[in-house]
Amino acid sequence: AAREVGLPAAPVRLFAAAELALGTWALVSASVLASGLMAALYAGFAALTLRLARAGEACGCFGAPSSPASPLQSLLSAALAIVGVLAAAGQTHAAGWFFGRAPGVATVLVLGTAGTVYGVVLAYSELPLLWRSWSPA
């Protein structure tokens, strides 16, 4: 993906670290600014992934160099951008909110959130490969 848009690897790694820092900030603070920045980031991912899909390039999502970029990933990124906009516009809770619940409720919330995150990772990295293998030759 970096080669397709003309970037060397070092800034991409720096960007990935900044992306992780922004995600962590959004998770622990639930601030309007963090949610807005996450929305902008995912809107950028949606545009980039669509460009890569049209060029037939791999996206490199989650370090999977063979994962082809697809319009599905672009749609998923756009949906996550909308979630970021809604989080910035509404009242959201930081991750610490989970632990203010009863232990059973907190456990279910944490496990459900972890499962959702894993599902998103699979949707980005594995679903495009599965979709391509299923389409007729």
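In the predicted model, Gln-73, Leu-76, Ser-77 and Leu-80 of helix 3 meet Val-120, Ala-123 and Tyr-124 of helix 4, where contact means heavy atoms within 4.5 Å and helices are DSSP runs (H or I, at least four residues) numbered from the N terminus. The residues of this contact divide into five nonpolar, two polar and no charged, with Ala, Val, Leu, Ile, Met, Phe, Trp, Tyr, Cys and Pro counted as nonpolar, Asp, Glu, Lys and Arg as charged, and the others, Gly among them, as polar. Residues are numbered from 1 along each chain as its sequence is written. Because the model is predicted, local features need pLDDT of at least 70 and side-chain atom pairs count only at pLDDT 80 or more, whereas totals for chains, interfaces and linings use all residues, and side-chain values use heavy atoms, with hydrogens and water left out.

Within helix 4 (residues 103-125), the buried residues are Ala-106, Tyr-124 and Ser-125, buried being under 20% relative accessible area with a 1.4 Å probe and protein chains only.

Ser-67, which lies in the loop between helix 2 and helix 3 (71-89), is likewise buried, since its relative accessible area is 0%. Leaving aside neighbours within four places in sequence, Ser-67 is in contact with residues including Gln-73, Tyr-124 and Ser-125, and its C-alpha atom is separated by 7.0 Å from that of Glu-126, 59 residues apart along the chain.

Ala-30, in the loop between helix 1 (9-29) and helix 2 (32-55), has a positive phi of about 55 degrees although it is not a glycine. Most residues other than glycine have a negative phi. Ala-30 is also buried, with a relative accessible area of 18%.

Conventions: Helices (H or I, at least four residues) and strands (E, at least two) are DSSP runs, numbered from the N terminus. Buried means under 20% relative accessible area, exposed over 50%, partly exposed in between (1.4 Å probe, protein chains only).
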